[in-house]
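Work through the exercises below with the sequence and the model side by side.

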Amino acid sequence: MPQFADTPRFAAIIVAAGTGSRAGQSLPKQYVRWRGKPVLRHSAETLLAAGAQPLAVAIAPDAADLAREALAGLDSIILVDGGATRRASVAAGLEALAGERPEHVLIHDAARPTLPQPVIARVLAALDDHPGAIPALPVVDTIARTKDGIMTGQEDRTALARVQTPQGFRYADILSAHRAWDGDEEPTDDAQVLRAEGKEVAVVAGDERLAKLTFAQDFAMQAPPVRTGTGFDVHALAEGEDLWLGGCKIDHDKGLAGHSDADVALHALVDAILGAIGNGDIGTHFPPSDARWKGASSGQFLQHAVSLASEAGYRVGNLDLTIICEAPKIGPHKDTMREKIAELAGIQIDAVSVKATTTEKLGFTGRGEGIAAQAAATLIREDFQ
Ligand SMILES: Nc1ccn([C@@H]2O[C@H](COP(=O)(O)OP(=O)(O)OP(=O)(O)O)[C@@H](O)[C@H]2O)c(=O)n1
Ligand SMILES: C[C@](O)(CO)[C@H](O)COP(=O)(O)O
């Protein structure tokens, strides 16, 4: 369902055929995992959610497997062989949409993974009155001309802007502009290609979060050094079940019921970690509909959440858990739980806190019908001391 129901039908192109030579990564930068998923997938998801239909992705011909993996499960994607330059990759994307003839097209760099929806809306809105529109930010530094390490002059920065993507165009205009392009110098963006045809390009407000991942340090610098998440879970107490709490089996007249071992405490911790990296919740990764998790030990869920955090570039700083129940008494088991959780999460025991409270005999926990748990997790960026 398009998010911008009142805008004309628009398609999108993501150019992802570059080699990322300046980024110094082991893969072309658009396929590197960044904040939990490949760089390319971030803006692909955002454009599709905004209603782009279809989305052409220009890729290097030898990167088809990487692209398919990065975009797995997304609909309305057309993979297109890109070219030797960004311009050639855009042109290939435009030609691939020729059968669709969308009214508008957004052209976006895969290397700009964070794409705020309001920017998309501003660019599309400007196309009502202009054949092209670009998001841009003001220049806040002094711009100097230099020669051989010496300043030779300065530019009037009030006349300059830092141009970002997605750049929006009336499709027919940008297609014919690319077909007609015969400039001497390679254009660094598509607005230049449209302007070469004498067409006007509107400038709308960009967003700092749209920054392009260009150099190796951009991959580290863009992630916050510390992230926090919270988790909450409840399971019912039932006769004939084992009671697993905090990774420990506890003697009690009832146990917790659920699809897995129903360890409510570990589940809250899993959700806290997933929340901190913005990667769904326990149900996303271990759906109760999946028979593999029937009776499964929740310890593996916690280990998986920690490995997802690690893929996103984070290690666990500390975990704080509160178990809410009338019985059993948690105090005697606290340190064993801390030890077990620390082992599962691969951290020191002093980075794990286990607390417990009753609800003064009130509510479902007070009546002994179930146990609740809430947790907080702090994650620290791997390279942050
Ligand atoms: N032949 C090319 C060159 C670049 N791009 C895309 O254009 C965007 C912006 O280019 P840039 O950040 O310069 O990426 P690379 O060309 O990959 O990087 P580098 O210049 O460091 O090699 C990127 O999403 C890149 O994949 C493309 O589709 N086809
Ligand atoms: C299109 C662009 O992102 C607008 O700022 C930029 O020009 C791309 O330049 P690159 O040298 O291809 O990274």
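**Exercise 1.** Find which elements the buried residues of helix α3 pack against in this predicted model.

*Solution.* Begin with the helix itself, which spans residues 86-96 and is mostly covered, since eight of its 11 residues are buried. Those buried residues are Arg86, Arg87, Ser89, Val90, Ala91, Ala92, Gly93 and Leu94. Next, look for their partners: among the strands they pack against β1 (10-16), β4 (55-59), β5 (77-81) and β6 (104-109), and among the helices against α5 (171-180) and α6 (190-195).

**Exercise 2.** Describe the surroundings of the two ligands, and say which elements give two or more residues to the shell around ligand 1.

*Solution.* Start with ligand 1, which is surrounded by 22 residues, the closest being Val15, Gly18, Ser21, Arg22 and Ser89. The elements that give two or more residues to this shell are β1 and α3. Sorted by class, the shell around ligand 1 holds eight nonpolar, 10 polar and four charged residues.

Then turn to ligand 2, around which stand Arg86, Asp109, Val163, Gln164, Thr165, Thr188, Asp189 and Lys212. By class, this shell has one nonpolar, three polar and four charged residues.

**Exercise 3.** Decide how helices α8 and α10 are oriented to each other: roughly parallel or roughly antiparallel?

*Solution.* First take the geometry: the axes of α8 (residues 264-277) and α10 (residues 299-311) come within 9 Å and cross at roughly 15 degrees. Angles under 35 degrees count as roughly parallel, and α8 and α10 are therefore roughly parallel to each other. The crossing of the two helices is left-handed. The contact is made on the α8 side by Leu266, Leu269, Val270, Ile273, Leu274 and Ile277, and on the α10 side by Gly299, Phe301, Leu302, Ala305, Val306, Leu308 and Ala309. Finally, classify these residues, which divide into 12 nonpolar, one polar and no charged.

**Exercise 4.** Locate the cis peptide bonds that join glutamine 53 to proline 54 and alanine 327 to proline 328, and give their omega angles.

*Solution.* For the bond between glutamine 53 and proline 54, omega is about -10 degrees, and proline 54 has its place in the loop between α1 (39-50) and β4. For the bond between alanine 327 and proline 328, omega is about 5 degrees, and proline 328 is found in the loop between β17 (314-324) and α11 (334-345).

**Exercise 5.** Serine 76 and arginine 101 have a positive phi without being glycine; how exposed is serine 76, and how exposed is arginine 101?

*Solution.* Serine 76, with phi near 65 degrees, lies in the loop between α2 (64-70) and β5. Because serine 76 has 14 C-beta neighbours inside 10 Å, it counts as partly exposed. Arginine 101, whose phi is about 40 degrees, has its place in the loop between α3 and β6. Here the count is 11 C-beta neighbours inside 10 Å, so arginine 101 counts as exposed.

How values were computed:
Residues are numbered from 1 along each chain as its sequence is written. Chains are lettered from A and ligands numbered from 1 in the order in which they are written. This is a predicted model: local features need pLDDT of at least 70, side-chain atom pairs count only at pLDDT 80 or more; totals for chains, interfaces and linings use all residues. A residue is near a molecule or strand if its C-beta atom, placed from the backbone, lies within 6 Å of it. Ala, Val, Leu, Ile, Met, Phe, Trp, Tyr, Cys and Pro count as nonpolar, Asp, Glu, Lys and Arg as charged, and the others, Gly among them, as polar. A residue is buried if 20 or more other C-beta atoms lie within 10 Å of its own, exposed if 12 or fewer, and partly exposed in between; C-beta atoms are placed from the backbone. Helices (H or I, at least four residues) and strands (E, at least two) are DSSP runs, numbered from the N terminus. Two residues are in contact if their C-beta atoms, placed from the backbone, lie within 7 Å. Axes are lines fitted to C-alpha atoms, for helices over the stretch in contact, and angles run from 0 to 180 degrees between N-to-C directions. Angles under 35 degrees count as roughly parallel, over 145 as roughly antiparallel, 65 to 115 as roughly perpendicular and the rest as oblique. A crossing is left-handed if the near helix is turned anticlockwise from the far one by less than a right angle, and right-handed if clockwise.
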